[in-house]
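The sequence and structure come first.

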Amino acid sequence: MKSSLMDNIPSTPGKFKMEKSIYNHRFRWHYSYLAKLTFWSFVFFGLIFVFFFKSPASSAPSSISSSSDLSRRSLKTRSWGGPGWEKRVKSSAKIRSKTGFSVLVTGAAGFVGTHVSAALKRRGDGVLGLDNFNDYYDPALKRARQALLERSGVYIVEGDINDAALLKKLFEVVHFTHVMHLAAQAGVRYAMQNPKSYIHSNIAGFVNLLEICKNANPQPAIVWASSSSVYGLNTKVPFSEKDRTDQPASLYAATKKAGEEIAHTYNHIYGLSLTGLRFFTVYGPWGRPDMAYFFFTKDILKGKSIPIFESINHGTVARDFTYIDDVVKGCLGALDTAEKSTGSGGKKKGAAQLRIFNLGNTSPVAVSDLVSILERLLKTKAKRRVMKLPRNGDVPFTHANISFAQKEFGYKPTTDLQTGMKKFVRWYVSYYGSGKRTDH
Ligand SMILES: O=C(O)[C@H]1O[C@H](OP(=O)(O)OP(=O)(O)OC[C@H]2O[C@@H](n3ccc(=O)[nH]c3=O)[C@H](O)[C@@H]2O)[C@H](O)[C@@H](O)[C@H]1O
């Protein structure tokens, strides 16, 4: 008898210890009632599930909808999707001049991204930003840059370049003519601490973006940030685009070099127009706190000692420091001379443009001279701690030959380190005060 009761009642049998003969009818009634309840509960929760996971704000291709992804997405409310969001995206990307572009700027809350976005917007291009606001350095600075851009009409979508669904959606909402791809894991030395972040952003993220661009119709032209670090252990100076770049000294450099090779592949197979820009130690207002000139400034003001690297036999370590406004001009020049991609819907129709340019200053300065400039501007003596260049991926010097960029789009840097640092220090003091704040 017990077994038949168990057969009939699928759940919590202990609650139903009753005599079959007397309660037979009641049982059947309970059973059918429970079955209906269970059925409608399934329908109800099923509808809730469909509503939350299949709404436009969270639509994702099956490739990324593993259970862990789903739970992560359900915990973090999507910050994109919906009619209001699409309206904002369209308005930000709207071209406001006769010959303007519609540009997706990845890494728009980053240092170079913010300046480039503002410059494009100023001249009437439509600009939509994308940034994941990661905490590699103080996200508050990225938020402040975002606020700055918002005031000039640039909206930054919060998301990662690895998010295929988001990128796809952006290209559905806007027919971007250009992509200015500046999102990356930056920093040479940090690659030893967090190597995976470089693979995630600089390789996987770049490929993800190229996959979306190759399928877009029309395909955009892409200008993206490579790095002077690709020259690695090259000793021929000044560095020319024709020089060898097969000896990277850091994983950061290796991922940027990989990006250049990946760009070649997408250009070759799919007809994407691709221009890589090798930036040389870019500095200026709203800069990156992980860079030496930035934390030297902070530490000099605080009276903390600063490590100054020197190469073998007390040789100077030098950089071709390049001021942000000059780099922005280079970025715009590259965008303006970028030819259209030739493919559509993932198919190549003809040969497309593939370029690499150095964007440097062509006058390297020793790091110890940078410190002297900062001392003068800050009116404070630095506590110098000179030390041997650690084995951290840093190279002893960089020096750009910029004749190719000059020839192609008239690139001509005009700001020397003294002048540029003056502007940086003025911004730094107005933003952080003269050294008391410690939150960066
Ligand atoms: O051109 C690039 O493509 C790269 O430029 C930048 O790298 P770098 O040129 O290495 O700049 P940065 O770290 O400011 O060090 C400057 C100098 O200070 C020296 N340095 C550094 C730290 C220290 O404690 N002491 C020191 O002497 C150090 O040895 C170096 O000589 C970007 O960070 C990078 O993301 C990438 O864009």
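In which loop is proline 218 found? Proline 218 is in the loop between α8 (195-215) and β5.

## Basis of the description

The model is predicted, so local features need pLDDT of at least 70 and side-chain atom pairs count only at pLDDT 80 or more, while totals for chains, interfaces and linings use all residues. Residues are numbered from 1 along each chain as its sequence is written.

The protein has 14 helices and 14 strands. Helices (H or I, at least four residues) and strands (E, at least two) are DSSP runs, numbered from the N terminus. Of the 440 residues of the protein, 40% count as buried. A residue is buried if 20 or more other C-beta atoms lie within 10 Å of its own, exposed if 12 or fewer, and partly exposed in between, with C-beta atoms placed from the backbone. Among contacts with a separation of 6 or more, 80% join residues 24 or more positions apart; two residues are in contact if their C-beta atoms, placed from the backbone, lie within 7 Å.

## The seven-stranded sheet

An open sheet of 7 strands runs in the order β3-β2-β1-β4-β5-β6-β12, with parallel pairing. Two strands pair if DSSP finds at least two bridges between them. At the edges are β3 (155-158) and β12 (354-359), each of which pairs on one side only. From one strand to the next, the twist averages 20°. Axes are lines fitted to C-alpha atoms, for helices over the stretch in contact, and angles run from 0 to 180 degrees between N-to-C directions.

Strand β2 (residues 126-131) pairs with β3 in the parallel sense over 4 bridges. Leucine 130 stands opposite valine 157 in β3. Helix α11 (residues 324-336) lies across β4 (178-181), β5 (221-227), β6 (274-279) and β12, and runs at about 165° to β6.

## The three-stranded sheet

A second open sheet to describe has 3 strands in the order β9-β8-β14, with mixed pairing. Because β9 (315-316) and β14 stand at the edges with a single partner strand each, one side of each is left without a neighbour in the sheet. Strands β8 and β9 run antiparallel and are joined by 2 bridges, with serine 311 opposite glycine 315 in β9. Helix α12 packs on this sheet and touches β8, β9 and β14; its direction makes about 150° with that of β8.

Glutamate 310 has its place in strand β8. Glutamate 310 counts as partly exposed because it has 17 C-beta neighbours inside 10 Å. Not counting residues up to four places away in sequence, glutamate 310 touches Gly315, Thr316, Val317, Val386, Lys388 and Leu389. Its C-alpha atom is separated by 7.8 Å from that of proline 396, 86 residues apart along the chain.

## Nonpolar core

The largest nonpolar core has 102 residues, and those with the most contacts inside it are Met180, Val223 and Cys331. Helix α9 gives the most to this core, with 7 residues. Such a core is a set of buried Ala, Val, Leu, Ile, Met, Phe, Trp, Tyr and Cys residues joined through C-beta atoms within 7 Å. Methionine 180 touches Val103, Val105, Val116, Val223, Cys331 and Leu335, not counting residues up to four places away in sequence.

## Ligand shell

The ligand is surrounded by 19 residues, of which Ser227, Ser228, Met291, Ala292 and Phe309 are the closest. The elements that give two or more residues to this shell are α10 (292-302) and β8 (305-311). A residue is near a molecule if its C-beta atom, placed from the backbone, lies within 6 Å of it. The largest share of the shell, 3 residues, comes from β8.

By class, the shell has 12 nonpolar, 5 polar and 2 charged residues. Ala, Val, Leu, Ile, Met, Phe, Trp, Tyr, Cys and Pro count as nonpolar, Asp, Glu, Lys and Arg as charged, and the others, Gly among them, as polar.

## Backbone exceptions

Most residues other than glycine have a negative phi, and most peptide bonds are trans. A cis peptide bond joins asparagine 217 and proline 218, with omega about 10°. Valine 237 and proline 238 are also joined by a cis peptide bond, with omega about -10°; proline 238 is in the loop between β5 and α9 (251-270).

Tryptophan 286, in the loop between β7 (282-283) and α10, has a positive phi near 65°. Tryptophan 286 counts as buried because it has 20 C-beta neighbours inside 10 Å. Lysine 379 has a positive phi of about 50° and lies in the loop between α12 (367-378) and β14 (383-388). Lysine 379 counts as exposed, with 8 C-beta neighbours inside 10 Å.
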